[in-house]
Amino acid sequence: MPSNEHYEPVIGLEVHCQLLTKSKAFCSCSTQFGNEPNSNVCPICLGMPGVLPVLNKQVVEFTIKMGLATHCTIAPKSIFARKNYFYPDLPKGFQISQYEEPLCTDGFVDIEFEDGKKKKIGITRIHMEEDAGKSIHDIDIDTVVDVNRCGVPLIEIVSEPDLRSPHEAYLYLYKIRQIVTYLGICDGNMEEGSLRCDANVSVRKKGETKFGTKTEVKNMNSFRFVERALEYEIGRQIALLEDGQKVLQETLLWDSNQGIAVPMRSKEEAHDYRYFPEPDLVPVAVNQNWVNKVKATLPEFPSERRDRYLKEYKLPKYDADVLTTEKGLADYFEGVVENLDKKSDETYKLASNWTMTDVLRVLKVQHIEISDFPVPPKNLSEMINLIVDGTISGKIAKDVFEEMLKSKDSPRTIVEKRGLVQVSEEGAIEKVVDEILSKNKEQVDKYRSGKNQVFGFFVGETMKAMKGKANPKMVNEILKKKLSS
Amino acid sequence: MKSFDILRQELSAGTTSCEKIAQTYLAAIDNGKHLNTFLSVFAEKARLNAVAIDKKLKSGKAGPLAGMVVSVKDVICVKDERVTCGSRILENFVSLYDATAVSRLKAADAVIIGKCNMDEFAMGSSTENSAFGRVKLPQDGARIPGGSSGGSAVAVRAGMSTTSLGSDTGGSIRQPAALTGVVGMKPTYGRVSRYGLVAFASSLDCIGPFGVCVKDVAAVLKVIAGHDENDSTSAVVPVPDYVSSLTKDIQGLRVGLPKEYYGSALNTEIREAVERKIESLRKNGANVVEVSLPSTDYCIATYYILATAEASSNLARYDGARYGYRSQNPEDLMEMYVESRTNGFGAEVKRRIMLGTYVLSAGYYDAYYKKGQIVRRLIYDDFHRAFEKVDVLITPTSPTTAFRAGEKADDPLQMYLSDIYTTSANLAGIPGISVPCGNDKQGLPIGLQVLGKHFDEATVLKVADFLETNV
């Protein structure tokens, strides 16, 4: 579409995050995912006659965390509201949410482009609410409802319409996920629905200051879909305008199979939610003391952590970026560093290399999270310690690492059991070197006549003869000494 | 109609037992079936329970309400029993749990005897709106006992239980107490947990007791009052011993008569009866002054905006999807909702759901709901100012005595005016009690209302106790 460049998209995101509280927002039922359908329920989350909600304090605490992490103002008093609509997976006929007075307002996050440039994206508000149940339509008997999810706490993070491209939206969403997972308040899993995203999209001619008519795009349940759905919708709107038509204010559902966004039936979206203050709950009062307490528990954020890695460990920027992308990985790396016997820029880099290449490779191949990685950081440090003190070579370490993945043994035990200890005894190496040199007179002559490249041959032969256990540094030194004498 | 005091004396004297007491009430329920007071009776459970409490009494381990038999308005949950709310839509619904007020009564060794008829979802002032037929006034079957807790009032009046739990959203305890000639109290909002009270209007609903005398009401209130972690709106305020505050000492008590409550709408006989009681207060050392509650005229309108708004949301859960009445063979989801609710709810409930939906809808919210909240605050402020000058306010409970069945049934506005003196206490959240105040010429009971400061039920009860015994 040649005219695309004359237009500018305007995007705002509404991100829902399921909070990792143990119990639901307004009753003591478990929030455990994947339990038998309709088992995590009680009269309260089932909306039985006569029940009342009681707020889970941890929901407030988690929301304050998110508010602080995104530079929001934390309201000393906020109130819950009822959002009224009928649906079988909504037992009370209303959802408890926040409307006029949310807990957090007026914040921002910095999104970061690949070239290191940053852009500030405003956060309008963050509010608390409860999740609805799940209607399952693709079962042949009928539509069935699982209410396990009813009452699971959510926060909704509403951005300003500050995003100007699908890629910016992607980066913003990425950033939000990074923050919630760093805070440990949400697992950030879009596929399982613990992180959900709706977008408000409009386009306008570049230079125009007024916003165009917006549409809402829902059901983008992966990072990839968000970018693709937004690209689709922006293209659709531009095409409409170019054709002299108008964009209709409507809600669209992203259909990832067809790669298109389909308008919802108007009946489904013609909701008047009749919000009003929830009379069963008292206003949420948050004093400065509480805010300060929560502030003290905030973890170090990715960008701060990355800067510290550059300074404290003198790691290259690439390493620092990769290690801090995920909180779990950074925590793992620091666990490794913590148990190093010798602490130097050199050993830090070793720890970084092993974490970034070997650990990450295993995670990727086995499709596991760092939390499920079988080798505790302490063991990886012990292995690095063995390299550093010369007990094993880097090459042997690769075998030890593979063995650690399979057995629970410590690297030292593995080395001992399998006789992998590096030979660093000068006499033993000299003996083998002497044999190799006497067996290969021709090559010795070549070397002495200036053909230095055969040096590798001697190293290889020595290592082979010693089953790779010789200390490579010493092999080099001894060979050099003998060959030049 | 024996008071709890008398029952306790008879128990101590050994002339009766809990079992006998329970059987006497069960017999009265049986004999009074024509009054249509109960929707369910737990005859066997109540008897067994009474036998168990007799044993406790013998071993000296019985709770403070041992010997008391309580009936419960069918809008309050009793575990494993139906809670119909007087509605077809919940006709066969059985509660999974006890309301906090009920579990506290049980823990105090009161016997729960059954569930009382009521206006559907507590919406009404005559108990004619029950899906299970109207309740009759024991004194005159052609008349209504007031509402919506008409069944509870009649259960106490007709000797079918010692006391009863009702609910009061705009006068639903006090007005039927007045019309039947018993004592009924609405405590401060937040004084008694609402957990297990099926919601009509959450910010106004209160559970409260009926009794034949103020002392019985005080004894029940003492047991059911106090903070409950299952109700966020229940207050953390200490509960005094209400019975021991009934000293009859009113020397120096400051009594206010809100002039707006003695206007032309008030029946002359009722006015005179109330004035006679006020005279006795004066004679016994109280200072009686006139006060003004200028926002009084707006109470009914404000009440019907806010109460219906909350009701429209509270009653959304009765959709036929999970429990309760469901329409047969609906075409689709929408039809299931529409038919279930159309057939499951009665006319008054549907009227209020529509009113409430309207006042909350986009474009009308500010004009109705929001304005209603502002006026509610003004009503609260009126009382706050009045209570700077006086300790209690005294008013009639109802503008009329018990009216004839059908008299107002087709005129909702006339019916709504039955609550003209009672909705203000719900809007302001203050406690109020209705005590008998003689009869009119037709022999129909007149009720007098005492209103007090937030959480000052002790003074309200003390004044009511004085008035009950001094004419």
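Start with helix α7 of chain B. Buried here are B:Val214, B:Asp216, B:Val217, B:Ala218, B:Ala219, B:Val220, B:Leu221, B:Val223 and B:Ile224. Buried means under 20% relative accessible area, exposed means over 50%, and partly exposed is in between, with a 1.4 Å probe and protein chains only. That makes nine of the 11 residues in the helix, 214–224, so α7(B) is largely enclosed by the rest of the structure. Just after α7(B), B:Gly226 has a positive phi of about 115°. Helices are DSSP runs of H or I with at least four residues, strands are runs of E with at least two, and both are numbered from the N terminus.

A word on the ground rules. This is a predicted model: local features need pLDDT of at least 70, side-chain atom pairs count only at pLDDT 80 or more, and totals for chains, interfaces and linings use all residues. Residues are numbered from 1 along each chain as its sequence is written, chains are lettered from A and ligands numbered from 1 in the order in which they are written, and side-chain values use heavy atoms, leaving out hydrogens and water.

Next, the interface. How many residues does each chain bring to the contact? Chain B gives 39 and chain A gives 32, with contact meaning heavy atoms within 4.5 Å. The area buried between the two chains is about 2,800 Å², and carbon and sulfur atoms give 59% of that. B:Ser232, B:Arg317 and B:Arg322 supply 20% of the area that chain B buries against chain A, more than any other three residues. Buried area is the accessible area (1.4 Å probe) that two parts lose on being put together, summed over both.

Across this interface, 18 residue pairs are in polar contact, both at pLDDT 80 or more. On the chain B side, α9 (299–314), α10 (333–344), α11 (347–360) and α12 (366–389) each supply at least two residues. The largest share, five residues, comes from α9(B). A polar contact is a pair of N or O atoms within 3.5 Å; within protein, one must be able to donate a hydrogen and the other to accept it, and residues adjacent in sequence count only if both atoms are side-chain atoms.

Two salt bridges are counted between chain B and chain A. One of them pairs B:Lys370 with A:Glu100, at 3.4 Å, N to O. The rule is a side-chain nitrogen of Lys or Arg within 4 Å of a carboxyl oxygen of Asp or Glu. B:Lys370 is partly exposed at 33%, and A:Glu100 is partly exposed at 48%.

Now inside chain A. A:Arg305 and A:Asp331 form a salt bridge at 2.5 Å, N to O. A:Arg305 is in α6 (302–312) and A:Asp331 in α8 (327–338), so the pair ties together parts 26 residues apart in sequence. Buried or partly exposed: which is A:Arg305? A:Arg305 is buried, with a relative accessible area of 5%, while A:Asp331 is partly exposed at 32%. Both belong to a salt-bridge network that also includes A:Glu300 and A:Arg308.

Last, A:Glu156, in strand β10 (153–159) of chain A. A:Glu156 is buried yet has no salt bridge, and the nearest side chain of opposite charge, A:Lys83, is 6.0 Å away. For charge, Lys and Arg count as positive and Asp and Glu as negative; His and the chain ends are not counted. The side chain of A:Glu156 does make a polar contact of 2.9 Å with that of A:His16.
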